[in-house]
Amino acid sequence: MKKVVAYALLIVFSLLFIAPLFWAVTTALKSQQELYLFPPKWIPSVWKFSNFAEAWNIQPFNLFLKNTLLVTVLSTLGQLISCTLVAYGFARFQFKGRDFLFLVVLATMMIPWEVTMIPQYMEFNYLGWINTLKPLIVPSWFGSAYYIFLLRQFIMTLPRELDEAATIDGASKMTVLLRIIVPLMGPSLILVSVFQFMGCWNDYLGPLIFLNDQTKYTLTLGLSQFKGMYGVDMQSIMAITCLISIPPLAIFFFAQRYIVGGIATTGIKG
Amino acid sequence: MKKRISLIVLATTLMASMLSACGGNDENAGTANQESGSSNQTKTLRFATWDTGDALKIEQDIAKNFETEHPGTKVQVEAYADGFDQKLAAGFGAGNPPDVMYMWDFPTYHQSLEPLDSFADKDQELKIDDFYKGLFNYGKIDDKLYGIPAGFTTRVVYYNKKLFDAAGVPYPKDGWQWSEFQDIAKKLTDKSKKQYGFGARAENDTYDLQGFVWSNGGSFISPDGKTIEGYMNSKETAEAIQMFGDMVKNGSAVLTGGKGQQSGDDIFKGGKIAMWESGIWPLESFKQAGIDVGTVEIPAFPDKPVKGVLAESALSIAKDSKQKDLAWEFVKYYVSNESIKMRVADLPVRQSVVNELKKDQDPLYKPYYSMLERSDNTPAFLLNPKWNEVNRQLSAAVEAVMHGSNAQEVLDQAVKDSQRYLK
Amino acid sequence: MAQTYLQNTSEQTAALKALKKRRWGGAAPYLFIFPWIFGFVVFTLGPLLFSLVISFFDWPIVGKVTFIGIDNYVEMFSNDPLFWKSLFVTLKFAALFVPLNIVVALGLAMLLNQKVKGSAIFRTAFYLLCHLRRGACMIWSWVYSGDYGILNYFLSVLGIQGPDWLNDTNWSLVAMVVASLWGQGSMMLIFLAGLKGIPKDLYESASIDGAGKVRQFLSVTIPMITPTILFNLITSIIAAFQQLTLALLLTGGGPLKSTYFYAMYMYENAFKYYKMGYSAANAWFMFLIVLTLTFLVFKSSEAWVFYEGEMKKNPQKKLKASRRGRS
């Protein structure tokens, strides 16, 4: 009985979450004439799969895909490495100014980009990084507050006896991190990867501000080329939205079982 | 000690891997900075546009043609789409703007733009007299020219012929009155079908409303740009705006969404509003959506001449540009007959092109040109440098009218709230 | 955990003392957090200070930069009704959004935590929308449209006449809250990971003690995920104050400024009215508000967040007390 209720709820919510995507897919498939009908036509009378290819080929989306992959993979890698180090530092040590510095970490999440955008642009301009992918990649190698905070919270739930024991056995701090902590952090690291991947994949503002030349554009910037000051190409937007959603969704689908695989604390202690 | 060394090693490898990772995309970073003025290198000209989709495609083609005519030049078309203002702000703020850019908001940007009078006067090839008269006024601040007109639109009323036919209502004709317009809107409203006679924007750009206000003999600001009291809240101004508020109230107009919402354009495409007022922008998409669309001039108020408002897009050159002569060549090429013919989404700015293509003979396009003759008033934003601030109050007032407030009252209030910006 | 759970308190404190010594790691911790410090100094601190400085200037992006002292701040507090209006809208939004967000995310996470077949598909479905953010905004406009929207279409099938959601001042903010909740799949995931991390034996021993489902939820689940709750609480508060995209793309702050968020106000001052200095002053004020809120939450967390690694006493006691109560 309990199972039935759970299934019912799961299915209802799933439908709620999927409905907009379904709408996006059918919109992308519709012909212009059917697009704006009311009551809405859920199933297009003609399935115009050509809309996908057309939208993809209006602008060099293959190139955008390549740029996006480059940025996404490199910045995700950077976040994983740097945030693990920093989070470990904050979670497992006591040092002068720790709490203050940690508050500064948190505070950096609250800085509204509206005001730092232009000075940051000036800085990258000075470094000659404007219109390169560097502003989108390099900062990720120095950690971001959100992930540092997230990983710190995870590390702090890990029982200390494990690394204390290893320390007594003579392991260095780095060894403790790599051999003891990181293996236990699996799910949270996957979580960070997924978030960073998605965030980077969908980032619009960063690429918008720092990239000029179309050959450097990312997918979201390509997508925005359908939404101008004076008009919106609904089908192309939906078609591209659907297409560029596939990789992150596929990644999520395979990653999620590791995220929820359970944190290994029980396995070791119980 | 060992621990510390391992840490340092890790940190260095980290840095190294990071730098090499970034080096990887250095190669295709290519022409990031054009500070290298060395002569045998190709020169890169940056051109920023707000256009998207097909219009952008055409602009890229024009840029390619320019490249073939000017060997050694690369035109980098930068499509900022709806992030245009942010990108320009960042570019100008950091002293790294594009060389050539689309422009309409001259009062805001003119200090960072290159005055073009000397270029335009010297250069016979521009053929200034061929442009429609009056277009140049929109790019002038303090009698200095900051932009060369590239495209423009006037505003017309679109109507859905099918809905008119179904209701047995004859199509509107140029020279019609607002009272006729309101009657037709009522006749074509059928709530059971969610069909409305007209779509009123919930958030109007006050700029677009000026045509109606002028048509009723009103204005937002005095001709010298110093006074709004008695103009922005005059009886005529309030009447013109109230009219739309009333149509929403009596149900013959539907309130259409703001920026990202289902817009009036979309609902018109869905065949659910019979009449819609706008510039040339959505015309192509109406046709594509299979709407049998007609255009007609804006209606008149009794015994008053119809006035129109012009929306112009121009090309400007940044003051910080290091290659202004090349930039000028591009601007000139962009408004040449050849390029104008390619840009089918814009109304041609040159009379010779219009005559050649017989655009003004086409009944669908004719109203845009007859409205052009009626667009000789100067819009408020060119008259007062603080207009932005005043407009903030005015926009809020107009929005309130669409939501049921009394136009006279909210405009009086807006005038009161705006006074401190005009001192 | 099960052992810690039963451990004797005096033993624990002795161990704690011994361990505390080793936690002071000399220079090592600084080396670990060095990447962040470096990145902060290079990429964040400069722009941040720059924005503080320009908040005392009149900077219209193009044109002259003039020092005007605290005029921006004076203008903001005493002359600008939009400042107060937008602040009020944001507070209202935060008051609705933050608690709802946490409850909904936790509820969905618990639902997904059930052992059911096809859970991978359900999880993916639940997470779908949150990465479609920009595209999703467009979708929302179709959902919410008054006469032609999908939502009202369904309501009309049920015989209900829905309002014109985004054009009705009574509903626009609610509509925004709902749309924002939809996009918060990440929070749900974090909760889910947290829930999965709770050792099963805790529930077992609790149920042996005769605790019902509700009791188990209150005395095992909640205390065990307090670190996650803290994280989600703080990030929700920040997200609520920075809410911009939806308003920008969906309502433009309307109707009648009912969704005119503070972030939107700041954004318009910067990029519509080109008052960069003024916008920076706006930003610093918001920064201080959020910082204060976060600081308070963070300080209070010492009383209610339970880190197993830190072996805080309170929740231990709570767990024990509840256990005793049951036995």
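**Entry 1: buried area.** I looked up the area buried between domain 1 of chain A and domain 2 of chain A in this predicted model. I noted about 620 Å², of which carbon and sulfur atoms give 71%. On the domain 1 side, I found that A:Ala24, A:Thr27 and A:Ala28 lose the most area to domain 2, and together they account for 49% of what that side buries.

**Entry 2: domain bounds.** I checked the domain assignment of chain A, which gives residues 1-47 as domain 1 and residues 62-267 as domain 2. I recorded 31 Å between the C-alpha centres of domain 1 and domain 2. For the contact, I listed nine residues from domain 1 of chain A and five residues from domain 2 of chain A.

**Entry 3: polar and charged pairs.** I searched the interface of the two domains for salt bridges and the rule found zero. I then looked for residue pairs in polar contact between domain 1 and domain 2, with both residues at pLDDT 80 or more, and the count is one.

**Entry 4: elements on the domain 1 side.** I asked which elements give two or more residues to the side of domain 1 that touches domain 2. They are helix H1 (2-29) and helix H2 (32-35) of chain A. I noted that H1(A) supplies the largest share of this side, with four residues.

**Entry 5: residue classes.** I sorted the residues of the domain 1 side that touches domain 2 by class.

Conventions:
Residues numbered from 1 in each chain as written. Chains lettered and ligands numbered in written order. Predicted model: local features only at pLDDT ≥ 70, side-chain atom pairs only at ≥ 80, totals over all residues. Heavy atoms only, no water. Domains from an automatic or database assignment. Contact = heavy atoms within 4.5 Å. Buried area = accessible area lost by both parts, 1.4 Å probe. Salt bridge = Lys/Arg side-chain N within 4 Å of Asp/Glu carboxyl O. Polar contact = N/O pair within 3.5 Å; in protein donor to acceptor, adjacent residues only side chain to side chain. Nonpolar A, V, L, I, M, F, W, Y, C, P; charged D, E, K, R; others polar.
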